[in-house]
Amino acid sequence: MPQCAALVVAMGDTSRRYAGGREIHDLFREIFMTHAALTRIMDRVHEQAGLSTSQHKIMRCLIGSGPATVPDMAAALGVSRQFVQTVCNHLASRGSIEFTPNPRHKRSKLVAATEAGRAAFRQARDREDAIIANALPTMDAEKVTDACQLMGAVRAALAQVPEET
């Protein structure tokens, strides 16, 4: 069997093909190249709206889920608490977010988007939507849904890989 061919299950349903290492590596390369292209475009879009990409991620978290603490956002985004705090401090200095008292914790304030922050986020999101509409006008919705499910399954499987691997 060629290296890049899919593995076939020897027992049971032999019509089902499973991806081998070569195919998974090819998928990962496509993901990395797509990520690089998206980063290049989105950095430019976010900057035009007055946000860095990391600031946009914080705003997306707040607008999507409502006020949150810095530790909660860090956990949701998979980044350090210190990184989120630094980004939030910068956003607060620009009036895009505000820190408010947290009724559940004396020292860990809640972070909330301001109207100015919401406007900057909407501007970036509207530009993203326009780019998607122009660059991918005929993208099949079912295929997009399938790709999202596949990537979710890949992410979940990789999350189970032990740290010491």
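Mentor: Contact means heavy atoms within 4.5 Å. This is a predicted model, in which local features need pLDDT of at least 70, side-chain atom pairs count only at pLDDT 80 or more, and totals for chains, interfaces and linings use all residues. Residues are numbered from 1 along each chain as its sequence is written, and side-chain values use heavy atoms, with hydrogens and water left out.

Trainee: Which residues does Ile58 touch, not counting residues up to four places away in sequence?

Mentor: Ile58 is among the residues with the most contacts inside the largest nonpolar core, which has 18 residues. Such a core is a set of buried Ala, Val, Leu, Ile, Met, Phe, Trp, Tyr and Cys residues joined through side-chain atoms within 4.5 Å. With that sequence exclusion, Ile58 touches Met73, Leu77, Val84, Val87, Cys88 and Leu91.

Trainee: Is Cys88 buried or exposed?

Mentor: Buried means under 20% relative accessible area, exposed over 50%, and partly exposed in between (1.4 Å probe, protein chains only). Cys88 has 0% relative accessibility, and therefore counts as buried.

Trainee: How far is the sulfur of Cys148 from the closest cysteine sulfur?

Mentor: Cys148 counts as exposed, at 53% relative accessibility. Its closest cysteine sulfur is in Cys61, too far for a bond, at 19 Å.

Notes. A disulfide is a pair of cysteine sulfur atoms within 2.5 Å.
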